[in-house]
Protein chains: 2
Amino acid sequence: MRRVAVAGVGTTRFGKLVGRSLRSLGSEAAWLALEDAGIERKQVQVAYVGSALAGLLTGQECCVGHLALREIGLTGIPITRVENACGSASSAFREAWIAVASGLYEVALALGVEKMTEADSSVAIQALMSASDVELEADQGLTFPGVFAMIAMRHMYEFGTTREQIGLVAVQNHRHGALNPHAHFQQEITLEQALGSRPVAYPLTLFDCCPISDGASAAVLVSEALAAHLPSDPVWIAASAQASGTYEPSSPITTFQPTVRAAHEAYEMAGLGSEDVDLAEVHDCFTIAEILHLEDLGFCAKGEGGPLVESGVTSLGGKKPVNVSGGLKAKGHPVGATGLGQVYELVRQLRGQADQRQVATARVGLAHCMGGFLHGDGGNSYIHILTR
Amino acid sequence: MRRVAVAGVGTTRFGKLVGRSLRSLGSEAAWLALEDAGIERKQVQVAYVGSALAGLLTGQECCVGHLALREIGLTGIPITRVENACGSASSAFREAWIAVASGLYEVALALGVEKMTEADSSVAIQALMSASDVELEADQGLTFPGVFAMIAMRHMYEFGTTREQIGLVAVQNHRHGALNPHAHFQQEITLEQALGSRPVAYPLTLFDCCPISDGASAAVLVSEALAAHLPSDPVWIAASAQASGTYEPSSPITTFQPTVRAAHEAYEMAGLGSEDVDLAEVHDCFTIAEILHLEDLGFCAKGEGGPLVESGVTSLGGKKPVNVSGGLKAKGHPVGATGLGQVYELVRQLRGQADQRQVATARVGLAHCMGGFLHGDGGNSYIHILTR
């Protein structure tokens with residue numbers, strides 16, 4: 001396995017992007033990433049494209065990879081679409097990493113793209129529910145807000161986590177998102193607004209939930225040999241780990257076992273510990289999820305995620321800023337693009353190009369993304385550690 | 001890149017499998033492949049699952065990989081679904097190959113699965129049309145039978161290919177399928193039946209078209225080091241190539257450029273030429289397609305595919321048997337499973353386990369699969385060369 005660098009990144013704005021299609025979003029992000037890398041289109045040797053919901057939301061069930069790269073005329077090379085629900089873009093990044101690390105290719109493009117906001121909302125919900133088992137589970141009424149509401153109740157019961165601590169995740173991520181010109185929501189909210197927003201699934205309210213967004217993000221991955229010849233400073237992929245699983249019958253619902261296992265594997269691969277991580281982007285599909293991830297990633301002990309948020313440590317300016325992009329909560333969650341949106345943020349931060357939301361000491365960044373939720377069999381958790 | 005072996009293969013029957021779901025089909029094929037390899041479920045380190053149409057045909061838009069392996073309880077490991085229209089299973093096989101060849105994993109499972117026959121036929125057609133560009137092309141009326149009918153007309157005009165030669169592909173593949181207990185159609189047809197069947201798109205008739213099928217196929221890929229310790233003789237992956245493209249404006253529609261390029265790359269990687277191939281499985285979605293592939297793979301000169309079929313060279317008992325499984329035409333075409341169905345056939349042949357349809361001198365087998373058809377930008381062609 002060879003060392004692999006991220007040579008360039010690109011992203012569209014995330015949000016309700018009226019009139020923008022898979023083709024236009026995907027091509028914009030890919031083009032920006034190539035430009036950022038100083039790589040010509042014809043130098044790209046392989047592409048992996050993450051997209052989760054294109055079939056049900058746009059009718060483009062097949063060839064989503066080719067479609068998303070069509071407008072910039074990227075063809076000829078192997079183009080493969082990968083899907084793992086909300087982890088689809090992380091999957092694209094990981095497969096691109098394997099392809100370059102293997103020695104087979106020198107330059108790989110990873111793209112994630114999703115077009116969600118112009119589908120009927122009942123169709124969007126149906127499509128999102130297919131991240132569970134459609135035949136056995138999706139019609140049982142336990143939607144994702146319901147799942148995370150149960151987790152929140154249990155976390156509050158077991159560890160004394162307060163409703164305010166959960167709400168503070170939204171407040172913090174909106175404060176970060178207000179500094180990000182690519183974010184879906186670029187305005188701050190107060191704790192009172194967060195707690196007083198309309199109920200979704202008790203105890204979660206509207207501001208505990210990430211939005212439905214359109215968007216695309218991309219990264220160009222290159223071999224070490226090539227990285228030396230490119231204009232911009234490379235950011236290195238120090239680790240890539242993916243684990244799937246499970247709420248085992250004996251496992252508490254306040255831990256995502258795949259995240260714990262993938263994090264363990266990633267820290268080992270990178271030769272780093274959780275204490276070495278300067279900033280992280282984590283999968284805050286719901287506010288309570290961020291609290292779980294802080295614990296599962298080893299940023300604090302199990303049960304102490306709430307107090308950690310309250311302490312300000314994970315806020316911009318704190319010792320270990322989390323979701324300074326705004327996270328899924330404020331930056332938005334175009335499902336198949338999210339994992340590469342995280343990579344975009346980390347690369348900009350590690351290069352010192354994050355403007356108003358720059359983390360001063362950013363040398364090691366961690367991206368955590370999840371995808372899928374088959375009850376009892378879970379989905380995938382992805383951890384990528386990037387270093388400069 | 002390390003040498004990689006296919007240690008085991010498994011397949012369901014292909015056909016109209018009433019009451020069988022993605023979960024049951026996928027798990028059956030995966031289980032059979034593990035059993036064939038002498039590999040325990042817990043030894044599998046990574047899985048790639050090809051599926052093209054699950055969203056529109058079954059509602060399972062996301063997590064198709066996990067779903068398909070759920071019944072055999074395969075979880076914990078990275079499970080990634082890949083999609084490239086009709087090439088999805090070839091993609092799964094290729095990504096599994098890269099994952100083991102890279103040194104990252106010792107054991108990878110590749111699975112392809114599709115459930116098509118219980119969807120409404122108008123939905124199935126809509127889903128299949130999404131292998132073209134839904135926004136720009138799918139509603140223009142040029143369906144895939146139409147595309148291949150145009151190709152047939154041009155091939156007949158340009159090279160003097162006869163209607164009978166095209167029909168003979170169906171006759172031959174049905175003769176092969178009649179010997180395959182996993183085939184969708186297991187009966188022979190006469191040339192008169194083929195030519196006299198009802199028109200679909202002139203000059204193609206019903207028997208020129210592959211059926212819509214359910215099915216799943218799987219392969220277990222292992223490192224060379226591990227292969228030495230397994231009970232069955234390994235079959236080696238001598239080459240894996242994937243190219244995308246295009247009908248360039250200047251390119252004749254009687255050649256698939258991605259096939260030509262992928263074949264060139266694969267022969268070079270394997271250190272073999274087209275003359276070394278003992279048997280091939282090719283993507284005969286329509287009879288005329290097989291004739292094109294014979295030419296594009298270098299089995300004969302461009303334009304001579306019709307006479308080659310007529311000569312009997314590509315028939316079981318001939319010098320270079322093609323689609324002895326029955327091909328897509330008779331074995332069936334469960335879209336996301338097809339590429340691994342080809343691998344299943346080649347591995348059984350190379351091991352001398354193909355019973356009535358055994359090719360006597362099978363030492364080098366070639367699998368050719370295509371996926372997607374964006375007009376002007378094409379889709380992907382995959383070539384895998386397996387050797388014993």
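**Note on aromatic contacts in the predicted model**

1. At 7% relative accessibility, Phe286(A) counts as buried, where buried means under 20% relative accessible area, exposed over 50% and partly exposed in between, with a 1.4 Å probe and protein chains only. This is a predicted model, in which local features need pLDDT of at least 70 and side-chain atom pairs count only at pLDDT 80 or more, while totals for chains, interfaces and linings use all residues. Residues are numbered from 1 along each chain as its sequence is written, chains are lettered from A and ligands numbered from 1 in the order in which they are written, and side-chain values use heavy atoms, with hydrogens and water left out.

2. In chain B, Phe148(B) and Phe256(B) make a tilted aromatic pair, with 6.1 Å from centre to centre and 45° between the planes; rings of Phe, Tyr and Trp (its six-membered ring) pair if their centres lie within 6.5 Å, and planes under 30 degrees apart count as stacked, over 60 as edge-to-face and the rest as tilted. Both Phe148(B) and Phe256(B) are buried.

3. Over all chains, the structure holds 4 aromatic pairs. One of them is the stacked pair of Phe148(A) and Phe286(A), at 4.9 Å centre to centre and 25° between the planes. Phe148(A) is buried, at a relative accessible area of 3%, and one aromatic cluster is formed by Phe148(A), Phe256(A) and Phe286(A).

4. Arg3(B) lies over the face of Trp236(B), 3.9 Å from the ring centre, the criterion being NZ of Lys or CZ of Arg within 6 Å of the ring centre and within 35 degrees of the ring normal.
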